[in-house]
Amino acid sequence: MKNIDSFNHVRGESRYLDDIPLIQGTLFGVALGASVAHGIIKKLDLSEALALEGIVRIFTDKDITGENQIGGIVPDEPLLADHHVHFSGMPIAFVVAETEEIAREALKKIKVEIEALPVITDPREAQAKGELIVPPRTFRIGDTDAAWQDCAYVFEGKADTNGQEHLYIETQGAYAVPLENGVIKVYSSTQGPTAVQRAVCKVLGVPMHQIEVDVTRLGGGFGGKEDQANTWAALCALATHVLKKPVKYSLHRMEDMAMTGKRHPYSTDFKIGLSRELKILAYEATFFQNAGAAADLSPAVLERTLFHSVNTYFIPNVRVTGNSCRTNLPPNTAFRGFGGPQGMFVIEAAIVKAAESIGVEAAQIQRINLNKTGDEFHYGQIAQSESQACWEKALEIYGFDQMKEAVGAFNKANLLHKKGLALMPVCFGISFTNTMMNHARSLVHVYSDGSVNVSTGAVEMGQGVNTKILQVAAQVFSLNADKIRINSTNTFRIANTSPSAASATADLNGKATLIACTEILKRLKKVASDELKIDAKEIELKNELVLAGGAETGLDWKRLVALAFMKRVALSEHGHYATPEIHFDKTKEKGHPFAYHVYGTAITEVTIDCLRGTYEVDAVKVVHDFGTSMNPVIDKGQIEGGIVQGIGWMTLEELIYDKEGKLKSNALSTYKVPDIYAVPKKIEIDFLQTEQDNLAIFRSKAVGEPPLMYGIGAYFALRNAVKAFNPAAELPFDAPMTAEKVLLGLYAGKY
Amino acid sequence: MAKYSLSINGKKFSIEAEPDTPLLWVIRDYVGLKGTKFGCGMALCGACTVHLDGEPIRSCSTPVSTLKAANRITTIEGISANTDHAIQKAWIEAQVPQCGYCQSGQIMSAVALLKSNPNPNDEDIDAAMSGNICRCGTYPRIRKAIHRAADLIKESGNTTGK
């Protein structure tokens with residue numbers, strides 16, 4: 001089935017936050033961000049700004065009617081700075097004016113004096129100074145201390161990955177509208193409507209039933225709007241609460257880039273031990289996560305780093321420790337993969353280090369250590385593995401041996417261009433690692449004319465979740481898609497939602513929809529049974545007809561619904577789903593945190609220009625474990641997009657903060673994201689069709705995040721290409737592999 | 001403030017605005033056509049692409065004062081009445097959009113490309129489309145859809161794309 005939004009998308013008619021028609025009297029807000037990363041506010045002079053015509057009010061921390069606090073996991077993040085500034089771009093004041101132009105003019109007239117304090121940007125420095133967000137956590141299995149002596153090879157090293165700007169093309173924003181009795185409706189570009197509702201309520205000091213959050217769709221989220229949409233919503237709602245007027249704020253691009261957190265940069269020490277036969281016997285890693293100035297989602301992101309720190313390998317002795325380090329960068333946050341990619345990069349680096357030191361191919365080590373069904377992960381869950389199936393199928397169908405030969409021949413024949421190949425297997429756990437978040441609700445109404453309306457907690461942000469939810473309702477009722485509508489995500493219709501994140505949105509909300517629709521179907525069948533005087537077990541709804549024992553009955557969907565309505569049967573249902581079987585004990589760091597895992601293997605081939613250091617990705621060829629895809633076109637799109645975004649993180653996208661904590665890569669002119677040139681010349685995706693019983697909706701496995709990690713293959717393919725030109729090059733494991741770093745590697749030690 | 005006469009999607013508009021007001025805001029806020037999007041405000045992402053006399057331009061960086069009444073401005077809402085431009089059809093067929101936000105701009109660039117080059121190869125497509133950023137990474141399908149639209153135009157014999 002085609003994406004239900006595609007028609008409106010190609011007409012420019014899909015509505016995003018900034019497209020909502022404005023109510024007369026709407027005011028416009030703009031936040032003033034701190035110009036230094038750490039300091040004490042000595043003076044805040046608003047007088048000149050307030051004197052401008054059209055200025056309505058300037059809010060500071062003193063105007064907050066509730067708590068000046070938006071921290072989700074840890075209450076450590078003021079909405080507006082109170083004396084102390086912790087990162088460059090931290091909101092200090094919120095200017096509200098009759099027009100956006102006036103508000104922006106006023107920003108320039110606010111005088112702030114900040115006494116600068118020492119700035120920390122490096123997570124290792126923060127850790128050394130005891131600046132941790134939460135106490136360190138360690139996951140372990142076996143006994144690494146005892147295992148080293150059994151290893152024929154032991155290697156140690158360091159691996160770093162940089163952050164990543166989300167760069168959703170629709171910037172952050174919110175529009176708060178006063179309703180009667182103090183109720184405020186907040187339109188927000190958020191992945192987490194309930195998170196916005198909670199933050200607004202805390203800041204305003206009002207109960208949750210007073211704040212309605214509504215989301216139609218996002219122009220991209222990628223994790224950046226999971227927690228960080230709260231700030232703008234809370235600022236607008238605060239102004240609306242005080243002024244009783246609609247207030248809107250859509251961020252400019254440079255504001256968005258400067259004021260919001262990104263994917264976490266990590267610096268990591270690793271130690272890997274292997275047997276003579278190349279079995280990985282022991283692995284240790286110590287992660288230093290650059291959390292930024294507040295917790296935001298960092299502890300949860302770090303947790304997933306620990307879960308995915310061995311990627312898809314079975315290792316009997318593991319000890320991995322994570323430090324979430326407080327620095328003076330904007331609070332870093334969720335980004336597709338949520339810490340998983342950072343964990344996987346390190347184990348892949350460790351394997352490459354071992355392979356290069358021993359003199360074998362990394363693929364040899366990767367292959368013999370892939371996990372299999374029955375293996376225990378270091379956090380206690382037993383694998384139901386498709387790891388080897390994906391790997392072997394990829395080698396076979398894409399002719400990996402021939403690819404390798406061709407690359408070897410090319411490299412022999414060409415001096416100025418070199419090719420590199422790398423394999424990247426992936427294993428990604430599906431579920432929020434915080435077990436209590438794995439639940440969702442769906443509200444299904446069947447109207448008396450037979451049309452159907454579905455509301456869930458899922459937020460559509462391009463992943464196609466609304467289409468999948470519509471498919472669920474269509475399948476259960478056996479209805480045409482045109483009979484069903486998916487509503488906006490709204491906290492007055494669906495309460496206590498988990499954010500659309502963790503790749504689990506379609507599973508959780510789809511299952512809740514399945515439950516609700518199935519319940520209504522049961523009632524409808526009972527009505528048909530009574531009417532036709534046929535056992536309900538014989539009744540079946542098919543293509544909008546009511547069948548009994550496979551034969552037509554003269555009843556159809558519309559008439560059956562009308563009949564049920566006349567008989568006063570409930571045609572609405574609120575379905576609730578909570579993922580079964582999952583649990584995790586944080587005191588032991590053991591359990592069964594994931595409903596299931598998604599597997600896959602990618603082969604990446606690149607070509608570098610040995611004079612310029614520039615490169616192209618020739619091909620990414622994937623075998624991906626889809627389970628049984630309920631929408632192959634949407635799912636393939638997620639894989640293609642994930643690969644492009646992952647390659648961006650690993651190659652082009654270079655986030656730069658200076659020593660003072662100021663973002664230097666602060667616009668699209670200084671921060672390069674993949675454009676059409678950067679895309680692999682060829683992307684091939686093969687479905688590993690599995691029938692394994694799993695907890696995915698219709699056994700269609702989650703697909704949002706796992707493919708991002710195929711992009712890691714591009715880093716190692718580039719590394720191999722550099723090595724083909726300069727075998728002696730000592731290349732640090734330091735992503736992204738920009739053209740500059742390729743060039744430095746090509747001539748490292750040569751001049 | 002000054003008065004400007006503009007022709008947008010074949011309709012005449014008379015608006016009053018500051019001379020440096022970007023065309024994007026004229027289209028969105030004065031005329032009320034919301035299909036053209038703000039992405040960066042610096043002509044770096046392509047989300048605001050519209051046509052000026054058939055040529056793709058970045059409306060976020062085009063001051064209204066640089067436009068003349070005789071200029072024909074076309075936005076996403078103006079490329080077809082019934083979603084039957086070959087690019088739109090191919091876009092739906094290939095299921096290009098994910099979040100959709102950049103797609104108006106992508107489509108405007110693609111329509112302009114096919115007008116000037118009815119038979120583009122991959123290199124032509126990359127060159128024409130490289131100023132339009134899609135963070136969802138729909139580029140492989142954009143390439144595919146442009147090829148498909150070129151075929152649709154050839155099949156129909158209607159070079160306007162409609």
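Student: How many C-beta neighbours does Ala43(B) have inside 10 Å?
Tutor: Ala43(B) has 19 inside 10 Å, so this residue counts as partly exposed. A residue is buried if 20 or more other C-beta atoms, placed from the backbone, lie within 10 Å of its own, exposed if 12 or fewer, and partly exposed in between. Keep in mind that this is a predicted model, where local features need pLDDT of at least 70, side-chain atom pairs count only at pLDDT 80 or more, and totals for chains, interfaces and linings use all residues. Residues are numbered from 1 along each chain as its sequence is written, while chains are lettered from A and ligands numbered from 1 in the order in which they are written.

Student: Where is Ala43(B), then?
Tutor: In the loop between helix H1 (23-30) and S3 of chain B. Helices (H or I, at least four residues) and strands (E, at least two) are DSSP runs, numbered from the N terminus. Ala43(B) is not a glycine, yet its phi is positive, about 60 degrees.

Student: Which residue of chain B has a phi near 55 degrees?
Tutor: That one is Asn9(B), a residue other than glycine with a positive phi. Asn9(B) sits in the loop between strand S1 (2-8) and strand S2 (11-17) of chain B. It is partly exposed, because 18 other C-beta atoms lie within 10 Å.

Student: What's the mean pLDDT of chain B?
Tutor: The mean is 96, and 100% of the residues of chain B reach 70 or more. pLDDT is the predictor's confidence in each residue, from 0 to 100. The model also scores ipTM 0.98 and pTM 0.98.

Student: How is chain B divided up?
Tutor: Into domain 1 (2-78) and domain 2 (86-156), with bounds from an automatic or database domain assignment. The C-alpha centres of these two domains of chain B lie 22 Å apart. Their contact takes 15 residues from domain 1 of chain B and 12 residues from domain 2 of chain B. Two residues are in contact if their C-beta atoms, placed from the backbone, lie within 7 Å.

Student: Which elements give two or more residues to the domain 1 side of chain B?
Tutor: Strand S3 (49-52) and strand S4 (55-58) of chain B do, on the side of domain 1 that touches domain 2. The largest share of that side, 3 residues, comes from S3(B).

Student: New topic: how many residues does each chain put into the contact between them?
Tutor: Chain B gives 39 residues and chain A gives 41 residues. On the side of chain B that touches chain A, helix H2 (86-94), helix H3 (103-116), helix H4 (122-129) and helix H5 (139-156) of chain B each give two or more residues. H5(B) gives the most to that side, with 4 residues. By class, the side of chain B that touches chain A has 20 nonpolar, 14 polar and 5 charged residues. Here Ala, Val, Leu, Ile, Met, Phe, Trp, Tyr, Cys and Pro count as nonpolar, Asp, Glu, Lys and Arg as charged, and the others, Gly among them, as polar.

Student: And what are the domains of chain A?
Tutor: Chain A has domain 1 (6-118 + 172-250), domain 2 (266-433 + 588-746) and domain 3 (439-578). The C-alpha centres of domain 2 of chain A and domain 3 of chain A are 39 Å apart.

Student: Is Lys225(A) buried or exposed?
Tutor: Buried, because Lys225(A) has 34 C-beta neighbours inside 10 Å. It lies in the loop between strand S11 (211-215) and helix H7 (230-243) of chain A. Not counting residues up to four places away in sequence, Lys225(A) touches Tyr168(A), Gln172(A), Ser189(A), Thr190(A), Gln191(A) and Leu218(A).

Student: How many residues of H14(A) are buried?
Tutor: 10 of its 13, so H14(A) is mostly covered. The buried ones include Val465(A), Lys468(A) and Phe477(A). Among what covers them are helix H15 (505-532) and helix H17 (632-650) of chain A.

Student: Which peptide bond is cis?
Tutor: The one joining Ala735(A) and Pro736(A), with omega about 5 degrees. Pro736(A) is in the loop between strand S30 (733-735) and helix H19 (739-746) of chain A.
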